[in-house]
Amino acid sequence: MTIRQTGQNSLLAEWPPIISQSNLLAIKQAVVLLENTFPDGLIDLVPAYASLTVFFEEDLLDAAQIAATLKALEHHKPTSDSKNNHWTIPVLFADESQWDLTELAAAKGLTIVEFVKIFTTQVYLVHMIGFLPGFPYLGGLPAPLHHPRKSVPRTKVPKGAVGIGGQQTGIYPSESPGGWNIIGQTPINLFHPNKELPSPFLIGDQVEFTQIDQAQFQKISLLSDQDPFYLKPDNHG
Amino acid sequence: MGRLLMIKAGLLTTMQDLGRFGFRKFGVPVAGAMDQNHAQLANLILGNDLNAPLLEITLIGPELVFEAETVVCITGADFSPTLNELAILPNKKIKINQGDRLKFNRLQQGCRAYLAIKNGFQTTKVLGSCSWCCTAELGITPLKKGGVLFYESSTIFSASNMAIRLPDFQFNQRNIPVMKGPEYHKFSKQTIQKLLKTSYKILARSNRMAYALEGEPVVFDSLEMLSSAVQPGTVQLPPSGLPIVLMRDGQTIGGYPRIFQVTEEGIDQLAQLKSGSTIQFTTVECTPYKDLLSLESP
């Protein structure tokens, strides 16, 4: 782990530059440790694939104090016992021709049915949230589905779009320009600015996708619009 | 409750406070006043909480009518403001009577002005802040002609009423102080030297999210990196070789190398520069910048 100050009130801890479960566990552990050690003085903790940026109140904490706390972690093997939620996200995979499912399945030598089956059999992990408010970057995409981003990004990707970008997948919580290959759409609202926690996801959470049809899409869309708590974790065991 | 009527809204008049904190892990930008220095000064002069909601006025100012007594303060860019057609001073408490008309006129200096009101505007918080964010579309939308804002009317007006001058703030400051960014060390000396020697023009598409720059691009070997946190003031160097400076509404995570970090003071300076202005980055040895790995554990 390297730790550096990156601004007047921020420091950056970095792990080996790979997308891995061990990085995710270590970063999650660092977040929990800092939150427990410093109940006051932390402004924001921003986890990413292989880094954690800490924004702190200069009056209350200093960088060396935070760095020393993080350094102590290096001698602990990360454990996977922290509490994480499991979410099942319903997705309509029907390919309206403007999206990429048909093309992507063909490029991978798969039928759409095979493609969707591989995609929905996997359990994904939330590595970080960013780009857009509530956009989860999900790791664990099976290698046969890896595909580079589009060379020319779309000016408009719809709210709820599920995309593939390289070895990652993710969900657009709001309409936005975007370069990922769009394979489907969820009717669930994934960003609620008026809730205390605006996004359901935290790093380390597990996400699975389940296929729905057009009628279910309409129904869930209405329910999700009416009830900000429509999506509930379905934690096993 | 007093009402403030928008006779003219101006180009981009938005509600701001010091920003939205605690939600960057969910991808929510910080937002907040672009020039935090002048926003805080306006509230300070009125004896408000420094985080009290106020208006940020950009390039073309509004024309406003107050329906109740209060006290206001204007700081930042100079729009030669008038109250009932009489010139008023910035950085000073201004007594407002019922029916007074406040007009922001031609921009003389700077880019963004702040209008603070006694006890702050009455507006709703979203995720702990009243700041409008252009990228996440949080907070009340920019003001429109015919719109109304609310405030507590106040008849208290103290006589201690000296105009305060900011001794060290320079409008039109072209040299933008930067610290080393996280990927600074991955670039060659020549690349860094070139970046520091180049004069950049701020492009018209620059906004609260980012300042886009024009100048002679640097050529460098592409640098693969995993997306990681960025913050207001982060200078990214995309493959085009032209740096981008993230501002208050910038995203929380980015995938381009972070070559510099503009200091807080530097962000405030940038906030007062219009598109078309030229800037140059200049490194400052920031004492807290160090490799903390070398620290001994206690």
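This is a predicted model: local features need pLDDT of at least 70, side-chain atom pairs count only at pLDDT 80 or more; totals for chains, interfaces and linings use all residues.
Chain A is split into two domains, with domain 1 covering residues 2–75 and domain 2 covering residues 86–226. A distance of 29 Å separates the C-alpha centres of domain 1 and domain 2 of chain A. The contact between these domains involves nine residues of domain 1 and 10 residues of domain 2. About 910 Å² of area is buried between domain 1 and domain 2 of chain A, and carbon and sulfur atoms give 72% of this area. Helix α1 of chain A (residues 21–37) supplies four residues to the side of domain 1 that touches domain 2, which is the largest share of that side. Sorted by class, this side of domain 1 has six nonpolar residues, two polar residues and one charged residue.

The interface of chain B and chain A was examined in the same terms. Here 39 residues of chain B and 49 residues of chain A take part in the contact. The area buried between chain B and chain A is about 3400 Å², with 62% given by carbon and sulfur atoms. Three salt bridges are found across the interface of chain B and chain A. One salt bridge joins A:E14 to B:R258, and the closest N and O atoms of this pair are 4.0 Å apart. Nine residue pairs are in polar contact across the interface of chain B and chain A, both residues being at pLDDT 80 or more. On the side of chain B that touches chain A, the elements giving two or more residues are strand β16 (228–229), strand β20 (258–262) and helix α3 (264–271) of chain B. By class, this side of chain B consists of 20 nonpolar, 11 polar and eight charged residues.

One residue of chain B in contact with chain A is B:G22. Leaving aside neighbours within four places in sequence, B:G22 is in contact with A:I43 and A:D44. B:G22 lies in the loop between β2 and α1 of chain B. B:G22 counts as partly exposed because its relative accessibility is 29%, a value between the limits of 20% and 50%. Although B:G22 and B:G128 are 106 residues apart in sequence, their C-alpha atoms are 8.6 Å apart in space.

The backbone of chain B was also considered at two loop residues. B:A31 is not a glycine, yet it has a positive phi of about 55 degrees. This residue, B:A31, is placed in the loop between β2 (12–16) and α1 (36–46) of chain B. B:A31 has a relative accessible area of 1% and is therefore buried, as the limit for a buried residue is under 20%. B:N119, also not a glycine, has a positive phi of about 70 degrees. The loop that holds B:N119 runs between β10 (109–117) and β11 (121–122) of chain B. With a relative accessible area of 39%, B:N119 is partly exposed.

Conventions:
Residues are numbered from 1 along each chain as its sequence is written. Chains are lettered from A and ligands numbered from 1 in the order in which they are written. Side-chain values use heavy atoms; hydrogens and water are left out. Domain bounds come from an automatic or database domain assignment. Contact means heavy atoms within 4.5 Å. Buried area is the accessible area (1.4 Å probe) that two parts lose on being put together, summed over both. Ala, Val, Leu, Ile, Met, Phe, Trp, Tyr, Cys and Pro count as nonpolar, Asp, Glu, Lys and Arg as charged, and the others, Gly among them, as polar. Buried means under 20% relative accessible area, exposed over 50%, partly exposed in between (1.4 Å probe, protein chains only). A salt bridge is a side-chain nitrogen of Lys or Arg within 4 Å of a carboxyl oxygen of Asp or Glu. A polar contact is a pair of N or O atoms within 3.5 Å; within protein, one must be able to donate a hydrogen and the other to accept it, and residues adjacent in sequence count only if both atoms are side-chain atoms.
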